[in-house]
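Here are my notes from a read through this one, in the order I jotted them down. Have the structure open beside you as you go.

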Amino acid sequence: MSRTTRLIRFTRHWHARAGVLAALFFLLLALTGLALNHTDGLELAKKRVGTSWLMHWYGLKTETPAQGYLFEGGYFIGVPHHWVMDGHDIAATPEPVVGAVEVTGIRYLATSSALYVYQQDGSLVERLTGSALPATPIDHVGRVGELLLVQTAQGIFSSEDGLSWKPYEAKSVAWSRQQPLPDDVRRQIEPLFAPALPLERILLDIHSGRIFGRYGPMLMDLAALVLMVLSLSGIWIYLRSIRKRS
Amino acid sequence: MLSRWFLIVALLAAAPALAREEVLLAPERFVVEALEDSSPKPQVLWLTKELATGAGRILGHAPTQLRQRYWSDGSRTVWVLEEIGKEEPITAGFVVEGGRIKQARVLVYRESRGGEIRYPVFLKQYDGAALTADHYLDRSIDGISGATLSVRAMERMARLALYFDSLVSK
């Protein structure tokens with residue numbers, strides 16, 4: 001057996017084995033690459049994945065809030081980026097909530113720079129910011145009878161509907177405060193506070209190898225190098241077989 | 001250690017939500033300049049079921065709020081609207097007069113890409129635009145490569161401003 005024949009056999013032998021071994025990585029790279037190429041069309045950024053083993057793998061745990069704002073017929077829980085009202089997610093902001101109060105069936109949720117007006121069914125009536133507010137930052141919200149009150153550094157202001165504001169003279173107002181959540185509410189909101197990540201993030205992590213930990217990207221680099229070697233060895237085997245036939 | 005690594009990755013995943021908010025012109029300033037009135041009084045348009053359906057057709061989704069503020073001096077109306085481009089809301093201001101857009105401005109931009117829609121050369125395309133019977137603009141707006149979603153959001157808001165104006169200017 002000549003030296004060249006031995007080299008061809010060796011190359012074929014390892015070309016096949018390396019190909020099978022690296023096939024899983026190639027499939028991962030190709031499938032995730034295909035999906036990521038159509039991120040907008042597939043709405044990958046909007047789809048969220050909360051599979052428990054995957055979240056555990058990412059080191060994310062469920063952190064159910066213990067406190068919230070209680071209304072006569074419902075509740076509101078607001079942590080940065082996640083707001084829940086009566087068991088439903090509602091639009092959230094990164095800003096901390098400074099107070100929440102229900103006045104004549106309308107719920108007012110306040111951050112320091114905005115006041116969110118909600119109906120009891122969770123429909124957003126309006127988000128008040130800037131000149132729609134009497135002053136900012138808002139420190140507290142509260143109620144007196146059928147009046148909504150907001151406390152700011154410029155004083156206390158009252159409104160009946162969140163549209164017009166008047167300065168309010170008051171010695172003491174019971175401002176809204178967070179209260180411990182009843183057990184049934186905590187049970188109800190637990191699934192809503194389970195961690196989840198955008199599908200795009202997970203696919204990016206698989207594609208780059210980061211999902212496999214610190215050495216994952218190096219593993220993917222190795223797979224890419226193997227792919228290069230396989231391409232070259234494949235071309236060489238093909239050219240040899242053509243030459244042999246002719 | 002592995003958990004810490006993934007926590008960092010998870011925090012990076014939330015990065016778009018922390019995208020920088022760029023205030024190009026404060027909305028209240030836009031209203032003051034548009035109406036040449038130092039303390040314009042807002043008016044309110046309630047989105048009844050019928051109006052919300054009409055607005056939903058323009059936006060491609062239900063309107064996010066039931067009460068829309070606007071300002072008017074009798075001859076023109078001013079609208080400050082918000083619409084998500086890709087992930088974050090874009091705040092834009094529109095002045096409508098005689099059923100046509102007199103001025104369009106990007107007021108607050110929060111997306112990481114597509115901020116080119118703020119430039120006058122793009123916004124000038126909206127000057128004089130009106131609404132057709134089926135609630136589209138009576139002209140085509142040239143897109144900007146890399147800013148497709150922001151351009152589309154801007155167009156939806158322009159149509160919405162004209163639609164709302166047609167309701168309050170009856």
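1. Among chain A contacts with a separation of 6 or more, 54% are between residues 24 or more positions apart. Bear in mind that this is a predicted model.

2. On secondary structure, chain A has 15 strands and six helices. Its radius of gyration is 30 Å, well over the 18 Å that the globule rule gives for 246 residues, so chain A is more spread out than a compact globule. Along the principal axes, the C-alpha atoms of chain A fill a box of roughly 105 × 40 × 30 Å.

3. How much of chain A is buried? Of its 246 residues, 37% count as buried. The chain exposes about 14400 Å², with carbon and sulfur atoms supplying 58% of that area.

4. Charges next: chain A carries 24 positive and 21 negative side chains. The centres of those two sets lie 28 Å apart.

5. Now the cores. The largest nonpolar core holds 36 residues, and the ones touching the most other members are B:Phe94, B:Tyr126, B:Met154 and B:Phe164. Elements of chain B that give two or more residues to this core include α3 (49-59), β4 (76-84), β5 (89-97) and α5 (148-168). The largest share, ten residues, comes from α5(B).

6. Take a look at B:Tyr126. Leaving aside neighbours within four places in sequence, its contacts include B:Ile101, B:Leu137, B:Val151, B:Met154 and B:Glu155.

7. There is also a second, separate core of 17 residues, with A:Val101, A:Leu128, A:Ile138 and A:Trp165 among them.

Notes:
Residues numbered from 1 in each chain as written. Chains lettered and ligands numbered in written order. Predicted model: local features only at pLDDT ≥ 70, side-chain atom pairs only at ≥ 80, totals over all residues. Heavy atoms only, no water. Helix = DSSP H or I, 4+ residues; strand = E, 2+ residues; numbered from the N terminus. Rg over C-alpha atoms; globule rule 2.2 N^0.38 Å. Buried < 20%, exposed > 50% of the residue type's maximum accessible area, 1.4 Å probe, protein only. Contact = heavy atoms within 4.5 Å. Areas by Shrake-Rupley, 256 points an atom, 1.4 Å probe, with all protein chains shown as cover. Lys, Arg positive; Asp, Glu negative; His and termini not counted. Charge placed at Lys NZ, Arg CZ, Asp CG, Glu CD. Core = buried A, V, L, I, M, F, W, Y, C linked by side-chain atoms within 4.5 Å.
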